[in-house]
Amino acid sequence: MGMTMAEKIIAAAAGVDKVRSGEIHTVEVDRLMSNDGTTHLTIDMYNTKLKHPHIADVDKLVWIVDHNVPADSPKTAATHKKMRDFAKEHGITFYEGKGVCHQIMMENHVRPGELIFGADSHTCAYGALGAFGTGVGCTDYLYAMVTGTSWVLVPETLRFYLTGRLPEGVYARDLILTIIGNIGANGANYKAMEFCGPGLATLTMSDRIAVCNLCVEAGAKTALMEADEVALAYLRERGREPKALYASDEDAVYAEEYHVDLSTITPVVAKPHFVDQVAGAKSCEGIPIHQAFLGSCNNGRLEDLRVGAALLKGRKVHPMVRFLVVPASQEVYQEALKEGLIQTFIQAGAIVMNANCSVCWGSCQGVLGQGEVLISTGTRNFKGRAGHPDSSVYLGSAATVTASAIKGYITTADTL
Amino acid sequence: MGKIFKFHTDVDTDQIIASQYLLYPTVDEMKSYAFESLDPSFAEQVRPGDFVVAGENFGCGSSREQAPAVLKALGIKAVIAQSFARIFYRNAINIGLPVIICRELHDAVETGDNMELSLTDGIVTVGERQFSCTKLPAYMQGILDQGGLIASLNKE
């Protein structure tokens, strides 16, 4: 009986030949990402709770200030200072204001075959490069930081066999929302989601990141895609080599298998207040919006900004809508500047912000007031996620968000 | 004996503690905002030894450890749900907050009911009724018994 990708990566990290879902193993963690959402608590525990505080391998640590950057209050500033000072004192790789943590990790650190802990739930995005990324809290993070190891329960895998190609005007966001709508908000709880099949080759790296990134919204522990030529080309461009290349064995055992024909996917939105409340975007046509957001680790890449800018060219953002455009990283921002996308956004009346989590996090930029409605390419639409508890968030693709920003109500790009 | 605070299915970590409080310097400064969007009086009414009872998929969403941490800081003795989202589950065990799966309890009780929990037997008692809970895997029970992951690390 063969192994899945998830099992192979865990077996290698545990230093054993074979693992099976349901077993608990101690593993070596390859990389440890943490951001300003929780790192201050990790530091406090490091300083006050440990009998022998030390860092097993400082080269594994990457710390990223991306959630409330630049600081929005004296409390946030103190939290950032704590993180900055500790990183400097211990020689930890540190980014501040350079972009959303997962985008920074994909651009600079993640390698196929690695087992990565991130103190952020969307760490599952790293599966787009064939790495086992999983979200942890700060106690797990601290334990791995001190010992270089952790325990993992080997997950079962749900296999998504992709065929066909996404139709024109349909995006990776529509694909993953459709899948989450089908399996539900805990449809993959404790499990890995693996994407394979001939349809995978039609997805760009940006598409793949968007798909893997959102799998935690179905409860997944991780998401995985075999690192093929598309992934390896992305790595080579950035001067990195794989740690190891894994593919599931043909006789690997899956908890469930799904066949997804990409050509059948249509534009969808996730309605308030849950990511699995998925409906055809057309069914929400006409719902008035007050704000639109194009950005986040899910859809703030160059490809997404191109989609938005192409729709906005020669058009204007609706006068009653704030349209916030937030590149996922400064690398993306600079490329968008070179291509003239930023100018297009500004001329159309959008507000372009610095690279950070922004509206997706609902804490420091573009916070919603009572009764307001947002359409967003962010990761979540939980109650109050973007501000007031009595505000609403719809999630959709870059095209649906931009089209809605132009019209002032939810609509799809084909109506422009 | 503690009082039950009952919540629904798919309670996400943003409802347990909202984003705008996460960067506050300490968990003690955040705890008065627990469940703010669902029950603004929760933090004021809850007493040490009380329980949170919920439906399926409790604690889904973000990996913020502040979510189990504020409940523990308010003195919640255990969270009993039909099922848990995995990161919350793991975080709770790591900080020494018992998280217990009990299929029947959610539909049988209301906020304000009093209950008793025997952690060793995995038995919940509400008035005359008793409910048995799913036992934690031995590895995780071991972490909990030692007072959480950091306590177990300090013993190594």
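Predicted model: local features only at pLDDT ≥ 70, side-chain atom pairs only at ≥ 80, totals over all residues.

Colleague: Let's start with chain A. How is chain A divided?

Modeller: Chain A is split into domain 1, residues 5-262, and domain 2, residues 269-415. The C-alpha centres of these two domains of chain A lie 24 Å apart.

Colleague: And how many residues of domain 1 of chain A are in contact with domain 2 of chain A?

Modeller: Domain 1 of chain A puts in 31 residues, and these are in contact with 33 residues of domain 2 of chain A. On the domain 1 side, α4 (101-108), α6 and α7 (205-213) of chain A each supply at least two residues. The most comes from α6(A), with six residues.

Colleague: What kinds of residues are on that domain 1 side?

Modeller: By class, the side of domain 1 of chain A that touches domain 2 of chain A has ten nonpolar, 14 polar and seven charged residues.

Colleague: Tell me more about α6(A). How far apart are its end C-alpha atoms?

Modeller: They are 17 Å apart. Helix α6 of chain A has twelve residues, 172-183, so at 1.5 Å a residue it should span 16 Å, and the two values agree.

Colleague: Is α6(A) mostly covered or mostly open?

Modeller: Mostly covered: ten of the twelve residues of α6(A) are buried. Among them are A:Arg173 and A:Asp174, along with A:Leu175, A:Ile176 and A:Leu177. Just after α6(A) comes A:Gly184, which takes a positive phi of about 90°.

Colleague: What about α4(A), buried or exposed?

Modeller: Seven of the eight residues of α4(A) are buried, so this helix is largely enclosed by the rest of the structure. The buried ones include A:Cys101, A:His102, A:Met105 and A:Glu107.

Colleague: What covers the buried residues of α4(A)?

Modeller: The cover includes the strands β2, β3 (61-65) and β4 of chain A, and also the helices α7, α9 (296-299) and α11 (330-338) of chain A.

Colleague: You mention strands. What is the strand order in the five-stranded sheet of chain A?

Modeller: The order is β4-β3-β2-β5-β6 in chain A; the sheet is open and its pairing is parallel. At the edges are β4 (93-96) and β6 (132-135) of chain A, each pairing on one side only. Neighbouring strands in this sheet are turned by 20° against each other on average, direction ignored.

Colleague: Which strands does β5(A) pair with, and over how many bridges?

Modeller: Strand β2 (residues 31-35) of chain A and strand β5 (residues 115-118) of chain A pair in parallel over three bridges. Four bridges join β5(A) to β6(A), which also run parallel. A:Ile116 in β5(A) is a handy residue to look at: it is the bridge partner of A:Arg31, and in β6(A) its bridge partner is A:Gly133.

Colleague: Which residues of β6(A) are buried?

Modeller: Both faces of β6(A) are covered. A:Phe132 and A:Thr134 are buried on one side, and A:Gly133 and A:Gly135 are buried on the other.

Colleague: Changing topic: where is A:Thr202?

Modeller: A:Thr202 is in the loop between β9 (192-196) and α7 of chain A. With 15 other C-beta atoms within 10 Å, A:Thr202 is partly exposed. Leaving aside residues up to four places away in sequence, A:Thr202 touches A:Arg165 and A:Leu262.

Colleague: How far apart are A:Thr202 and A:Arg165?

Modeller: They are 37 residues apart in sequence and 6.2 Å apart in space, C-alpha to C-alpha.

Colleague: Now chain B. What does its seven-stranded sheet look like?

Modeller: That one is an open sheet with mixed pairing, in the order β4-β3-β2-β1-β5-β6-β7 of chain B. Its edge strands are β4 (99-101) and β7 (129-132) of chain B. From one strand to the next, the twist averages 30°. Strand β3 (residues 78-81) of chain B pairs with β4(B) in the parallel sense over three bridges, and there B:Ile80 stands opposite B:Ile100 in β4(B).

Colleague: Last one: how many residues of each chain are in the contact?

Modeller: The contact takes 44 residues from chain A and 34 residues from chain B. On the chain A side, α2 (39-48), α3 (74-90) and α5 (138-147) each supply at least two residues. The most comes from α5(A), with six residues. By class, this side of chain A has 18 nonpolar, 16 polar and ten charged residues.

Methods. Residues numbered from 1 in each chain as written. Chains lettered and ligands numbered in written order. Contact = placed C-beta atoms within 7 Å. Nonpolar A, V, L, I, M, F, W, Y, C, P; charged D, E, K, R; others polar. Expected span 1.5 Å × (residues − 1). Buried ≥ 20, exposed ≤ 12 C-beta atoms within 10 Å, placed from the backbone. Pairing = 2+ DSSP bridges. Axes fitted to C-alpha atoms, helices over the stretch in contact; angles between N-to-C directions. Domains from an automatic or database assignment.
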